[in-house]
Amino acid sequence: MRLLPVRPLLWLAIATSFLLAGCASTTDSLGYYWQSVRGHMQLMHAAEPIDRWIARSDINPALRERLQLAQKARAFAVAELGLPDNASYRRYADLQRPAAVWNVVAAPPYALTLHTWCFPVTGCIGYRGYFAQADAQAEADQLAAQGLEVEVYGVPAYSTLGYMNWAGGDPLLSTFIGWPEGDFVRLLFHELAHQVVYAEGDTLFNESFATAVERIGVAQWLATHSTPAVREAYATSESRRAAFRALTRATRARLAAIYEQKEAPPLAGQALAAMKTEAMQDFRSRYDALRAQWLGTAPGSTPQVTTAQVAGYDRWVAKANNASFAAQAAYDELVPGFEALFAQQGRDWSRFYDAVRQLTRQPLQERQDALRALAPTTPKETPGA
């Protein structure tokens, strides 16, 4: 499954960062900035215009077909979704690795609050991205030594927020070019959305906004530009995602309720740990039941997927902790509010983007509360049900 696309520090901000007080003054930060610059420039150097790739005689026919699809989806994003008409995603890079970058996230043992890092331009964000997996793991090990729960995961793409369009823009990448059509297109829309609106220091707002754009946008794409087979395949995979999101959302709510009790004098540390352990065991048991339905091994069920198709879910569940639950929340929590705002604006993309920009002018808590108020109410699931 895909999680939070990283926002590596823009190399243009490096020089500025030395003028700012804070994290740029340490040797560790200087090394982090350098790997961000070097990694991004290597990625940019590997990218070539899509037309040039398509014209190659030695290109795999499936890749040529997908790059042609990317061109159509890019034009659709501009014409139908009001997304930026710029240099981004008009080039392609074969990275020869499974992920564009690796993210590190961390959270306390009894809270769903992400540890944050602060940078120029992007503000404070709840993850840190590395172009080498070993570097990401080293950072995670340091955080774990401080008593935090950590996760390292590869992500297929990231956005430079449009700041690099003068140099060719963000390219399409081999890390997601082979995804099923619906998933490929929605990720493209997600990354372009970050170039429309970005609220400094508010990961929850930014990722929920981009997720709302991707969900609404891919629905429009599938309805008008895809085959029945593609629509059916996407509906099936989206049904699995929705069921998994519902499970993780219920587990987050249960964990949050447990952690709210940590300040209560009668609750001993052992009792809190036991409640957390029970919640996590129940989460994994319920996932096992869901997985059995997908694979057709549960009584009365029929196979929908292969074990290879659920491998991403399996890995996420096996490593799940406060950090992974908190990171995933950035994609879920405010999406219903953004979808309601889109409907409120008459499903007009220009009006919707203007309304979202207006929200960014409010203080962080106020804009998040405004979106929560817009979200339709749904019956609450009983924790542990």
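The points below cover a helix pair, a disulfide and one further residue.

1. The model is predicted, and the points that follow should be read with that in mind.

2. Helix 4 covers residues 61-81 and helix 6 covers residues 181-193. The two pack with their axes 10 Å apart, at an angle of about 50 degrees. Helix 4 and helix 6 are therefore oblique to each other, and their crossing is right-handed.

3. On the helix 4 side, the residues in contact are R66, L69, A70, A73, R74, F76, A77 and L81. They meet E181, F184, V185, L188, F189 and L192 of helix 6. Sorted by class, this contact has 11 nonpolar residues, 3 charged residues and no polar ones.

4. The count of disulfides comes to 1. The bond joins C118 and C124, whose sulfur atoms lie 1.9 Å apart. The link of C118 and C124 is right-handed, with 100 degrees about the S-S bond.

5. Q365 sits in helix 14, which spans residues 364-374. Its relative accessible area is 44%, so Q365 is partly exposed. Between Q365 and D202 there is a separation of 163 residues in sequence, while their C-alpha atoms are 9.6 Å apart in space.

Notes
Residues are numbered from 1 along each chain as its sequence is written. This is a predicted model: local features need pLDDT of at least 70, side-chain atom pairs count only at pLDDT 80 or more; totals for chains, interfaces and linings use all residues. Side-chain values use heavy atoms; hydrogens and water are left out. Axes are lines fitted to C-alpha atoms, for helices over the stretch in contact, and angles run from 0 to 180 degrees between N-to-C directions. Helices (H or I, at least four residues) and strands (E, at least two) are DSSP runs, numbered from the N terminus. Angles under 35 degrees count as roughly parallel, over 145 as roughly antiparallel, 65 to 115 as roughly perpendicular and the rest as oblique. A crossing is left-handed if the near helix is turned anticlockwise from the far one by less than a right angle, and right-handed if clockwise. Contact means heavy atoms within 4.5 Å. Ala, Val, Leu, Ile, Met, Phe, Trp, Tyr, Cys and Pro count as nonpolar, Asp, Glu, Lys and Arg as charged, and the others, Gly among them, as polar. Buried means under 20% relative accessible area, exposed over 50%, partly exposed in between (1.4 Å probe, protein chains only). A disulfide is a pair of cysteine sulfur atoms within 2.5 Å.
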